[in-house]
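Please prepare a short report on the pockets and a few local features of this protein.

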Amino acid sequence: MVTMLPTRAAGELTLADVLPSCTRALAGEPNPLELPAAERVIVVLVDGLGTAALRARAGHARSLTAALTKRSSLVSGFPTTTAAALSSLTTGTRPGEHGIVGYTALVPAANAVVNQLSGWSEAMDPATWQRRPTVFEQLREAGIPSNTIGPAKYATSGLTQAILRGAEYVPAGSIAERFAAARRLFDQGGRRLVYLYVPELDQLAHAKGWESDRWLATLETLDQAYGGFVSQLRRGEGLLLTADHGVVDVPVTGHVLFGDVPSLVEGVRHIGGDPRCVQLYLDPALSVQDARAAADRLADAWRAAEGSRAWIATRDEAIAAGWFGPAVDDEVRPRIGDVIVAARKLVAYYDGRGGDTAGQSMIGQHGSLTDEETLVPLLRAGAFAR
């Protein structure tokens with residue numbers, strides 16, 4: 001039995017509390033984030049902007065960090081990957097309920113691991129694979145308009161259909177253009193929720209690293225646009241800025257090719273997750289008893305090989321530790337790996353068999369449980385400033 005796994009408290013504040021708190025603020029009701037009443041609310045989601053990175057570059061983001069205090073962070077959730085985290089944000093539920101449990105995950109009906117950002121199909125239908133109503137759908141039923149602002153290329157994507165349904169999508173090009181679009185929506189008056197998505201920092205972190213000059217220049221661009229928008233907020237308009245996860249830069253020397261070690265892939269049928277959070281799937285035809293025994297053996301092999309560099313848990317252990325939220329629905333359980341390997345050091349895990357080098361060009365990475373990946377800012381402005 002593993003006793004040293006990090007645990008997630010059932011009552012901790014996470015991304016899943018952000019939009020539900022905003023909808024209650026629109027109604028003037030008490031909410032988990034203790035937001036005061038507001039007429040118009042905007043939530044800015046900056047993909048990949050962890051609290052640690054923002055603090056480290058505070059001198060280049062003075063508008064953002066003006067509202068950054070010891071209390072202005074929350075936990076993104078687990079795994080710290082975009083599809084799972086954004087689903088938690090927009091449904092107000094955790095992966096164990098909404099069902100998006102990794103960057104790639106097993107789709108049992110297809111007996112295949114599928115990309116949860118881009119692999120939408122009849123086998124992974126956006127209308128049903130993401131299992132919970134969105135906050136935007138709930139607002140629509142209440143007669144309150146909501147909008148999503150983001151790049152045009154995401155307007156009709158499968159992920160948008162899965163996690164943003166109920167909101168009107170407003171395409172806008174640059175970061176500044178997105179904030180300008182938000183201002184125009186606010187100027188229409190009335191109660192409204194706006195969700196503004198900024199993917200650029202995460203994209204640059206993957207390609208160049210979050211410590212790169214390109215990443216820093218884009219942070220400065222975001223800071224300028226954010227500061228300008230905040231200065232235009234009017235009475236009754238509240239803003240929250242947060243992120244889906246942070247990023248760590250993993251050197252090539254930290255790449256681990258686990259497929260070359262037979263004991264680490266014994267009985268493994270599929271490999272999913274992220275390089276920072278690998279999910280290993282055994283043969284689904286195994287009986288429950290045999291599957292648990294095989295998972296225990298596989299987890300023990302990983303602990304012997306990588307126990308100092310990663311947290312290793314069986315599915316049952318991860319669920320018991322609350323990694324996927326306080327509840328995991330029966331339909332979601334088989335989507336989660338039989339064994340999960342979550343990096344705790346600056347390492348990334350790749351299969352590597354057959355010369356497969358997919359993903360090894362990435363510098364910035366995320367997915368695991370470290371503070372750098374899980375702690376994200378929660379910045380308040382306008383009616384929400386305190």
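## Largest pocket

The model is a predicted one. Its largest pocket holds about 970 Å³ of space. The lining is made up of 46 residues, and those nearest the centre of the pocket are Thr-81, Tyr-103, Asn-115, Leu-117 and Asp-274. Elements that contribute two or more residues to this lining are the helices α4 (82-91), α8 (158-163) and α10 (200-208), together with the strands β4 (112-115), β5 (146-150), β7 (192-198), β11 (268-274) and β15 (348-350).

Strand β11 gives the most to the lining of the largest pocket, with 4 residues. By class, the lining residues of the largest pocket comprise 21 nonpolar, 19 polar and 6 charged.

## Second largest pocket

The volume of the second largest pocket is about 480 Å³. Its lining has 21 residues; nearest the centre lie Val-288, Ala-291, Arg-315, Pro-334 and Asp-338. Two or more lining residues come from each of β12 (277-282), α12 (288-306) and α13 (315-320).

Helix α12 gives the most to the lining of the second largest pocket, with 5 residues. This lining divides into 10 nonpolar, 3 polar and 8 charged residues.

## Helix α1

How many of the 9 residues of helix α1 are buried? The helix, which spans residues 18-26, is mostly covered, with 7 of the 9 buried. The buried residues are Val-18, Leu-19, Pro-20, Ser-21, Cys-22, Ala-25 and Leu-26.

The packing partners of these buried α1 residues are the strands β1 (40-46), β2 (73-75), β7 and β8 (237-242), and the helices α4 and α7 (135-141). Two of these partners, α4 and β7, are also among the elements that give two or more residues to the lining of the largest pocket. Just after α1, Gly-28 adopts a positive phi of about 70°.

## Asp-213

Asp-213 is part of helix α11, which covers residues 213-231. Is Asp-213 buried or exposed? Its relative accessibility is 67%, and Asp-213 therefore counts as exposed, the cut-off being over 50%.

Asp-213 and Val-376 are 163 residues apart along the chain, and their C-alpha atoms are separated by 21 Å.

Notes. Residues numbered from 1 in each chain as written. Predicted model: local features only at pLDDT ≥ 70, side-chain atom pairs only at ≥ 80, totals over all residues. Heavy atoms only, no water. Buried < 20%, exposed > 50% of the residue type's maximum accessible area, 1.4 Å probe, protein only. 1 Å grid on protein atoms, 1.4 Å probe; cavity = no way out; pocket = protein on both sides within 12 Å on 5 of 7 lines; lining within 4 Å. Points joined across faces, edges and corners; volume = space filled by probe spheres on them. Nonpolar A, V, L, I, M, F, W, Y, C, P; charged D, E, K, R; others polar. Contact = heavy atoms within 4.5 Å.
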